[in-house]
Amino acid sequence: MRDYGAALASADTVSVADSSDVVSARQMVRTLAQRSGMSLVHQTKLVTAASELGRNMLVYGGGGVVRAATITEAERCGVYVEFEDRGPGIADIELALTDGWTSGSGMGLGLSGAKRLVDEFDISSGPDGTTVRILKWGR
Amino acid sequence: MTDRVPVLKIGEILLVSIQVDLEDQMVMDLQDDLSNRIVATGAKGVIIDISALEIVDSFVGRMLATNAAISRVLGAETIVVGMRPAVAMTLVELGLSLQGVRTALNLERGLKLLRRISAGRA
Ligand SMILES: Nc1ncnc2c1ncn2[C@@H]1O[C@H](COP(=O)(O)OP(=O)(O)OP(=O)(O)O)[C@@H](O)[C@H]1O
Ligand SMILES: [Mg+2]
(Lines give C-alpha, C1' and ligand atoms only; values in the text may rest on other atoms or scores of the structure.)
(Ligands and ions follow the chains in the order given, each with its own letter.)
Protein backbone atom coordinates (compact mmCIF):
# COMPACT_ATOMS: atom_id res chain seq x y z
CA MET A 1 0.00 0.00 0.00
CA ARG A 2 1.21 3.50 -0.83
CA ASP A 3 1.95 5.98 1.94
CA TYR A 4 -1.09 8.21 2.36
CA GLY A 5 0.15 9.65 5.65
CA ALA A 6 0.42 13.18 4.19
CA ALA A 7 -3.35 13.26 3.69
CA LEU A 8 -3.78 13.00 7.44
CA ALA A 9 -2.52 16.58 7.86
CA SER A 10 -6.16 17.54 7.45
CA ALA A 11 -7.62 14.42 9.03
CA ASP A 12 -10.76 14.02 11.09
CA THR A 13 -10.08 12.14 14.32
CA VAL A 14 -12.06 10.06 16.80
CA SER A 15 -10.55 8.65 19.99
CA VAL A 16 -11.96 5.22 20.72
CA ALA A 17 -12.29 4.35 24.40
CA ASP A 18 -15.73 2.72 24.54
CA SER A 19 -18.33 1.24 22.23
CA SER A 20 -20.11 4.56 21.64
CA ASP A 21 -16.85 5.83 20.16
CA VAL A 22 -16.95 3.02 17.62
CA VAL A 23 -20.31 4.42 16.50
CA SER A 24 -18.77 7.92 16.25
CA ALA A 25 -15.83 6.58 14.26
CA ARG A 26 -18.03 4.89 11.68
CA GLN A 27 -20.19 8.02 11.42
CA MET A 28 -17.07 10.07 10.74
CA VAL A 29 -16.04 7.64 8.01
CA ARG A 30 -19.54 7.68 6.50
CA THR A 31 -19.56 11.49 6.36
CA LEU A 32 -16.23 11.54 4.52
CA ALA A 33 -17.38 8.81 2.17
CA GLN A 34 -20.49 10.80 1.32
CA ARG A 35 -18.45 13.95 0.85
CA SER A 36 -16.14 12.17 -1.57
CA GLY A 37 -19.09 11.22 -3.73
CA MET A 38 -18.71 7.49 -3.16
CA SER A 39 -21.50 5.20 -4.35
CA LEU A 40 -23.84 3.84 -1.68
CA VAL A 41 -22.54 0.28 -1.99
CA HIS A 42 -18.94 1.45 -1.64
CA GLN A 43 -19.89 3.63 1.34
CA THR A 44 -21.56 0.68 3.01
CA LYS A 45 -18.53 -1.54 2.47
CA LEU A 46 -16.11 1.07 3.78
CA VAL A 47 -18.20 1.87 6.87
CA THR A 48 -18.64 -1.83 7.63
CA ALA A 49 -14.87 -2.35 7.41
CA ALA A 50 -14.35 0.65 9.70
CA SER A 51 -16.81 -0.80 12.18
CA GLU A 52 -14.91 -4.10 12.32
CA LEU A 53 -11.53 -2.44 12.72
CA GLY A 54 -12.82 0.07 15.26
CA ARG A 55 -14.26 -2.75 17.37
CA ASN A 56 -11.04 -4.79 17.15
CA MET A 57 -9.06 -1.75 18.28
CA LEU A 58 -11.33 -1.40 21.30
CA VAL A 59 -11.66 -5.08 22.23
CA TYR A 60 -8.09 -6.27 21.59
CA GLY A 61 -6.09 -3.03 21.53
CA GLY A 62 -7.70 -1.37 24.54
CA GLY A 63 -8.81 1.58 22.42
CA GLY A 64 -6.92 4.00 20.24
CA VAL A 65 -7.33 6.65 17.60
CA VAL A 66 -9.10 6.58 14.23
CA ARG A 67 -8.01 9.16 11.64
CA ALA A 68 -9.67 9.62 8.30
CA ALA A 69 -9.28 11.86 5.28
CA THR A 70 -10.47 12.08 1.71
CA ILE A 71 -7.88 11.46 -0.99
CA THR A 72 -8.15 13.17 -4.35
CA GLU A 73 -6.15 12.12 -7.37
CA ALA A 74 -6.40 13.21 -10.97
CA GLU A 75 -9.03 10.68 -11.95
CA ARG A 76 -10.44 9.49 -8.69
CA CYS A 77 -11.46 10.24 -5.15
CA GLY A 78 -11.41 7.99 -2.12
CA VAL A 79 -11.27 7.78 1.65
CA TYR A 80 -8.24 6.77 3.69
CA VAL A 81 -8.64 5.58 7.30
CA GLU A 82 -6.02 4.70 9.88
CA PHE A 83 -6.67 2.76 13.12
CA GLU A 84 -3.90 3.00 15.67
CA ASP A 85 -3.84 1.34 19.08
CA ARG A 86 -1.18 0.77 21.74
CA GLY A 87 -2.36 -2.71 22.65
CA PRO A 88 -0.38 -5.96 22.82
CA GLY A 89 -0.23 -6.39 19.05
CA ILE A 90 -1.02 -9.39 16.89
CA ALA A 91 1.51 -12.23 17.23
CA ASP A 92 0.70 -13.90 13.91
CA ILE A 93 -0.83 -11.51 11.41
CA GLU A 94 -1.28 -14.14 8.73
CA LEU A 95 -3.23 -16.32 11.13
CA ALA A 96 -5.31 -13.36 12.32
CA LEU A 97 -6.21 -12.64 8.69
CA THR A 98 -7.53 -16.17 8.19
CA ASP A 99 -11.31 -16.38 7.78
CA GLY A 100 -12.80 -17.84 10.93
CA TRP A 101 -9.77 -17.48 13.17
CA THR A 102 -10.49 -15.76 16.47
CA SER A 103 -8.58 -15.62 19.73
CA GLY A 104 -11.82 -14.82 21.52
CA SER A 105 -15.46 -15.59 20.96
CA GLY A 106 -15.92 -13.71 17.70
CA MET A 107 -16.46 -15.20 14.29
CA GLY A 108 -12.99 -14.35 13.08
CA LEU A 109 -14.37 -12.41 10.14
CA GLY A 110 -13.57 -8.83 11.10
CA LEU A 111 -10.02 -8.52 9.89
CA SER A 112 -10.23 -10.76 6.81
CA GLY A 113 -13.65 -9.36 5.88
CA ALA A 114 -12.51 -5.75 6.26
CA LYS A 115 -9.59 -6.49 3.94
CA ARG A 116 -11.97 -7.83 1.28
CA LEU A 117 -14.26 -4.81 1.58
CA VAL A 118 -11.64 -2.17 0.75
CA ASP A 119 -9.24 -1.52 -2.14
CA GLU A 120 -6.03 -1.16 -0.18
CA PHE A 121 -5.22 -2.68 3.19
CA ASP A 122 -2.11 -2.59 5.31
CA ILE A 123 -1.45 -3.82 8.82
CA SER A 124 1.60 -3.43 11.02
CA SER A 125 1.74 -4.81 14.50
CA GLY A 126 4.23 -5.26 17.28
CA PRO A 127 4.43 -5.32 21.06
CA ASP A 128 3.74 -1.57 21.12
CA GLY A 129 0.49 -1.78 19.25
CA THR A 130 -1.27 -2.26 15.98
CA THR A 131 -1.94 0.08 13.09
CA VAL A 132 -4.33 -0.82 10.29
CA ARG A 133 -4.59 1.41 7.22
CA ILE A 134 -7.33 1.12 4.64
CA LEU A 135 -8.33 2.97 1.52
CA LYS A 136 -11.43 2.74 -0.60
CA TRP A 137 -11.79 4.46 -3.95
CA GLY A 138 -15.05 6.05 -4.94
CA ARG A 139 -16.10 3.69 -7.67
CA MET B 1 -26.66 3.07 30.79
CA THR B 2 -27.26 2.80 27.08
CA ASP B 3 -30.67 3.04 25.42
CA ARG B 4 -32.59 -0.11 24.62
CA VAL B 5 -34.26 -1.07 21.39
CA PRO B 6 -38.03 -1.35 22.02
CA VAL B 7 -39.69 -4.76 21.59
CA LEU B 8 -43.41 -4.38 20.73
CA LYS B 9 -45.99 -7.11 21.17
CA ILE B 10 -48.68 -7.27 18.49
CA GLY B 11 -50.94 -10.28 18.98
CA GLU B 12 -48.72 -13.34 18.97
CA ILE B 13 -45.86 -11.51 17.34
CA LEU B 14 -42.98 -9.51 18.73
CA LEU B 15 -41.87 -6.64 16.53
CA VAL B 16 -38.47 -5.00 16.74
CA SER B 17 -37.77 -2.05 14.52
CA ILE B 18 -34.18 -0.89 14.76
CA GLN B 19 -34.07 2.84 14.16
CA VAL B 20 -30.64 3.92 15.38
CA ASP B 21 -27.01 3.11 14.75
CA LEU B 22 -26.47 0.37 17.34
CA GLU B 23 -23.79 0.35 19.96
CA ASP B 24 -22.54 -3.14 20.79
CA GLN B 25 -24.11 -3.00 24.25
CA MET B 26 -27.53 -2.29 22.70
CA VAL B 27 -27.08 -5.29 20.44
CA MET B 28 -26.40 -7.56 23.40
CA ASP B 29 -29.29 -6.09 25.41
CA LEU B 30 -31.65 -6.65 22.51
CA GLN B 31 -30.68 -10.31 22.35
CA ASP B 32 -31.45 -10.73 26.07
CA ASP B 33 -34.67 -8.73 25.88
CA LEU B 34 -35.95 -10.75 22.95
CA SER B 35 -35.40 -14.15 24.58
CA ASN B 36 -37.03 -12.93 27.79
CA ARG B 37 -40.03 -11.48 25.98
CA ILE B 38 -40.55 -14.65 23.92
CA VAL B 39 -40.76 -16.67 27.12
CA ALA B 40 -42.87 -14.10 28.98
CA THR B 41 -45.40 -13.63 26.16
CA GLY B 42 -45.37 -17.06 24.53
CA ALA B 43 -44.92 -15.29 21.19
CA LYS B 44 -44.84 -17.57 18.16
CA GLY B 45 -43.08 -15.17 15.86
CA VAL B 46 -40.52 -12.38 15.92
CA ILE B 47 -39.96 -9.80 13.23
CA ILE B 48 -36.79 -7.74 13.22
CA ASP B 49 -37.02 -4.78 10.86
CA ILE B 50 -33.56 -3.60 9.81
CA SER B 51 -34.65 -1.34 6.96
CA ALA B 52 -33.20 1.69 8.75
CA LEU B 53 -29.83 0.02 9.36
CA GLU B 54 -27.08 1.43 7.16
CA ILE B 55 -24.65 -1.35 7.99
CA VAL B 56 -24.73 -4.85 9.43
CA ASP B 57 -21.29 -5.88 10.63
CA SER B 58 -20.13 -9.17 12.14
CA PHE B 59 -21.40 -8.21 15.58
CA VAL B 60 -24.95 -7.41 14.51
CA GLY B 61 -24.89 -10.35 12.10
CA ARG B 62 -23.97 -12.70 14.89
CA MET B 63 -26.81 -11.34 17.04
CA LEU B 64 -29.29 -11.96 14.21
CA ALA B 65 -28.07 -15.54 13.76
CA THR B 66 -27.96 -16.28 17.49
CA ASN B 67 -31.38 -14.78 17.99
CA ALA B 68 -32.85 -16.93 15.23
CA ALA B 69 -31.44 -20.04 16.89
CA ILE B 70 -32.53 -19.12 20.42
CA SER B 71 -36.04 -18.11 19.41
CA ARG B 72 -36.49 -21.37 17.51
CA VAL B 73 -35.57 -23.34 20.62
CA LEU B 74 -38.12 -21.25 22.51
CA GLY B 75 -40.82 -22.05 19.96
CA ALA B 76 -40.83 -18.84 17.97
CA GLU B 77 -39.75 -18.19 14.39
CA THR B 78 -37.73 -15.06 13.61
CA ILE B 79 -37.89 -13.22 10.30
CA VAL B 80 -35.45 -10.43 9.51
CA VAL B 81 -37.05 -7.94 7.14
CA GLY B 82 -36.00 -4.93 5.11
CA MET B 83 -32.31 -5.54 4.55
CA ARG B 84 -30.97 -2.90 2.16
CA PRO B 85 -29.36 -4.19 -1.03
CA ALA B 86 -26.04 -2.51 -0.23
CA VAL B 87 -26.06 -4.17 3.18
CA ALA B 88 -26.74 -7.58 1.64
CA MET B 89 -23.86 -7.18 -0.82
CA THR B 90 -21.53 -6.12 1.96
CA LEU B 91 -22.52 -9.03 4.20
CA VAL B 92 -21.68 -11.55 1.52
CA GLU B 93 -18.28 -10.00 0.90
CA LEU B 94 -17.61 -9.80 4.62
CA GLY B 95 -18.16 -13.56 4.69
CA LEU B 96 -21.26 -13.66 6.88
CA SER B 97 -23.74 -16.29 5.80
CA LEU B 98 -26.48 -15.57 8.38
CA GLN B 99 -27.12 -19.28 8.58
CA GLY B 100 -30.54 -20.20 9.87
CA VAL B 101 -31.83 -16.64 9.56
CA ARG B 102 -35.06 -16.34 7.62
CA THR B 103 -35.47 -13.09 5.71
CA ALA B 104 -38.22 -11.29 3.84
CA LEU B 105 -38.14 -8.23 1.62
CA ASN B 106 -40.35 -6.10 3.83
CA LEU B 107 -42.62 -6.13 6.86
CA GLU B 108 -45.70 -7.16 4.91
CA ARG B 109 -44.01 -10.17 3.36
CA GLY B 110 -42.45 -11.04 6.69
CA LEU B 111 -45.88 -11.17 8.32
CA LYS B 112 -47.19 -13.33 5.49
CA LEU B 113 -44.27 -15.70 5.88
CA LEU B 114 -44.86 -15.98 9.62
CA ARG B 115 -48.53 -16.78 9.03
CA ARG B 116 -47.61 -19.45 6.54
CA ILE B 117 -45.09 -21.00 8.92
CA SER B 118 -47.51 -21.13 11.84
CA ALA B 119 -50.26 -22.56 9.60
CA GLY B 120 -47.84 -25.27 8.52
CA ARG B 121 -47.14 -26.12 12.12
CA ALA B 122 -50.75 -26.32 13.24
N1 LIG C 1 -6.04 -4.34 17.12
C2 LIG C 1 -5.76 -5.60 17.50
N3 LIG C 1 -4.87 -5.83 18.51
C4 LIG C 1 -4.57 -7.09 18.90
N5 LIG C 1 -5.11 -8.21 18.36
C6 LIG C 1 -6.01 -8.04 17.36
C7 LIG C 1 -6.38 -6.75 16.88
N8 LIG C 1 -7.27 -6.91 15.86
C9 LIG C 1 -7.46 -8.23 15.74
N10 LIG C 1 -6.71 -8.93 16.61
C11 LIG C 1 -6.61 -10.42 16.73
O12 LIG C 1 -6.98 -10.98 15.48
C13 LIG C 1 -8.05 -11.92 15.67
C14 LIG C 1 -8.95 -11.90 14.45
O15 LIG C 1 -9.65 -10.67 14.37
P16 LIG C 1 -11.06 -10.62 13.64
O17 LIG C 1 -11.61 -9.25 13.74
O18 LIG C 1 -10.87 -11.21 12.28
O19 LIG C 1 -11.93 -11.67 14.46
P20 LIG C 1 -12.65 -11.48 15.87
O21 LIG C 1 -12.61 -10.06 16.31
O22 LIG C 1 -12.06 -12.47 16.80
O23 LIG C 1 -14.15 -11.90 15.53
P24 LIG C 1 -15.24 -11.02 14.70
O25 LIG C 1 -14.58 -9.75 14.28
O26 LIG C 1 -15.63 -11.85 13.53
O27 LIG C 1 -16.35 -10.81 15.65
C28 LIG C 1 -8.71 -11.51 16.95
O29 LIG C 1 -9.38 -12.59 17.57
C30 LIG C 1 -7.54 -10.98 17.78
O31 LIG C 1 -6.87 -12.04 18.41
MG1 LIG D 1 -13.20 -8.47 15.09
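**A positive surface patch on chain B**

Arg109(B), Lys112(B), Arg115(B) and Arg116(B) gather in a patch of positive charge on the surface. Patches of this kind join like charges within 9 Å, from residues with over 30% relative accessible area and no salt bridge, a salt bridge being a side-chain nitrogen of Lys or Arg within 4 Å of a carboxyl oxygen of Asp or Glu. Arg115(B) belongs to helix 4 (residues 107–121) of chain B, helices being DSSP runs (H or I) of at least four residues and strands (E) of at least two. Arg115(B) counts as exposed at 55% relative accessibility (buried is under 20%, exposed over 50%, partly exposed in between, with a 1.4 Å probe and protein chains only).

**Basis of the model**

This is a predicted model, in which local features need pLDDT of at least 70 and side-chain atom pairs count only at pLDDT 80 or more. Residues are numbered from 1 along each chain as its sequence is written, and side-chain values use heavy atoms.

**An aromatic cluster in chain A**

Over all chains there are two aromatic pairs (ring centres within 6.5 Å; planes under 30 degrees apart are stacked, over 60 edge-to-face, the rest tilted). Tyr4(A) and Tyr80(A) form a tilted pair, 5.5 Å centre to centre with 40 degrees between the planes. Tyr4(A) lies in the segment before strand 1 (12–16) and Tyr80(A) in strand 3 (residues 77–85), so this pair ties together parts 76 residues apart in sequence.

Tyr4(A) also pairs with Trp137(A): the ring centres are 6.5 Å apart and the planes at 75 degrees, so the arrangement is edge-to-face. Trp137(A) lies in strand 5 (residues 129–137) of chain A, so its pair with Tyr4(A) links parts 133 residues apart in sequence. Tyr4(A) and Trp137(A) are both buried, and Tyr80(A) is buried at 1% relative accessibility. Tyr4(A), Tyr80(A) and Trp137(A) form one aromatic cluster.

Definitions and conventions:
Chains lettered and ligands numbered in written order. Patch = residues over 30% accessible without salt bridge, like charges linked within 9 Å, V, L, I, M, F, W, Y side chains within 5 Å. Areas by Shrake-Rupley, 256 points an atom, 1.4 Å probe, with all protein chains shown as cover. Lys, Arg positive; Asp, Glu negative; His and termini not counted. Charge placed at Lys NZ, Arg CZ, Asp CG, Glu CD. Phe/Tyr/Trp six-rings, centres within 6.5 Å; stacked < 30°, edge-to-face > 60°.
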